[in-house]
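Here is a friendly walk through one protein model. Please have the sequence and the 3D view open as you read.

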Amino acid sequence: MLIHIGNEYLVRARDVIGIFDLDGDITPQITTEFLKASQKNGRCESAVLDLPRSFVLTEKDGKEKVILSHLSSSALGERSSSLMKNFSPHSNVREENSSFFKKKEAKKF
């Protein structure tokens, strides 16, 4: 199943790791660092013509991608939840979904 995330941009629901909010006064520092690293590594794409309100983190074939969206995280959440009603949580469980966070944890120790 596909989720429309803006400007004719579609992602597969099973590839979505998370939908994150950028529509606020304060964006946490870890989020800012993550987005900068994604842009630097060429893993960031944009489905926006103006300022992004959210981003979608996806993983396909072991490769992560960040897609900026002009839609709010709540709107994207509603779109994805309507598709995921019939999703079995045991069919596609990912442990610590993002290799970015695994790398961050590895650096701490």
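This is a predicted model: local features need pLDDT of at least 70, side-chain atom pairs count only at pLDDT 80 or more; totals for chains, interfaces and linings use all residues.

## Confidence in the model

The mean pLDDT of the chain is 79, and 74% of the residues score at least 70. Strand E6 has the highest confidence, at 95, whereas helix H3 (residues 99–108) has the lowest, with a mean of 47.

Two stretches call for care when you read the model. Across residues 90–98 the pLDDT stays under 50, and the model has 15 contacts beyond four places in sequence for them. Residues 100–109 also have a pLDDT below 50, and this stretch has eight contacts beyond near neighbours in sequence.

## The four-stranded sheet

Now to the sheet. Four strands make up an open sheet in the order E3-E5-E6-E4, and their pairing is mixed. E3 and strand E4 (44–47) are at the edges; each has a single partner strand, so one side of each lacks a neighbour in the sheet. On average, neighbouring strands of this sheet are turned by 20° against each other, direction ignored.

Within this sheet, E5 and E6 are antiparallel and pair over seven bridges. One of the residues to look at here is Glu-59, whose bridge partner in E6 is Glu-64.

## The hairpin of E1 and E2

Strand E1 (residues 2–6) pairs with E2 in the antiparallel sense, over four bridges. Gly-6 is opposite Tyr-9 in E2. Two residues lie between the strands of this hairpin, and Asn-7 takes a positive phi near 45° in it.

## Aromatic residues

There are two aromatic pairs in the count. Phe-20 and Phe-55 make up a stacked pair, with 4.9 Å from centre to centre and 20° between the planes. This pair links distant parts of the chain, as Phe-20 is in strand E3 (residues 16–21) and Phe-55 is in strand E5 (residues 54–60), 35 residues apart. Together with Phe-34, Phe-20 and Phe-55 form one aromatic cluster.

Lys-63 belongs to strand E6 (residues 63–69). Its relative accessible area of 63% makes Lys-63 exposed, because the cut-off for exposed is over 50%. The C-alpha atom of Lys-63 is 8.5 Å from that of Arg-43, and the two residues are 20 apart along the chain.

Ser-69 is also in strand E6. Which residues does Ser-69 touch, not counting those up to four places away in sequence? They are Ile-5, Val-48, Pro-52, Arg-53, Ser-54 and Leu-76. Ser-69 counts as buried, at 0% relative accessibility.

The side chain of Ser-69 has polar atoms to follow as well. A polar atom of this side chain lies 2.5 Å from the backbone oxygen of Ile-5. The side chain of Ser-69 also reaches the backbone nitrogen of Leu-71, at 3.0 Å.

Definitions and conventions
Residues are numbered from 1 along each chain as its sequence is written. Side-chain values use heavy atoms; hydrogens and water are left out. Buried means under 20% relative accessible area, exposed over 50%, partly exposed in between (1.4 Å probe, protein chains only). Rings of Phe, Tyr and Trp (its six-membered ring) pair if their centres lie within 6.5 Å; planes under 30 degrees apart count as stacked, over 60 as edge-to-face and the rest as tilted. pLDDT is the predictor's confidence in each residue, from 0 to 100. Contact means heavy atoms within 4.5 Å. Two strands pair if DSSP finds at least two bridges between them. Axes are lines fitted to C-alpha atoms, for helices over the stretch in contact, and angles run from 0 to 180 degrees between N-to-C directions. A polar contact is a pair of N or O atoms within 3.5 Å; within protein, one must be able to donate a hydrogen and the other to accept it, and residues adjacent in sequence count only if both atoms are side-chain atoms.
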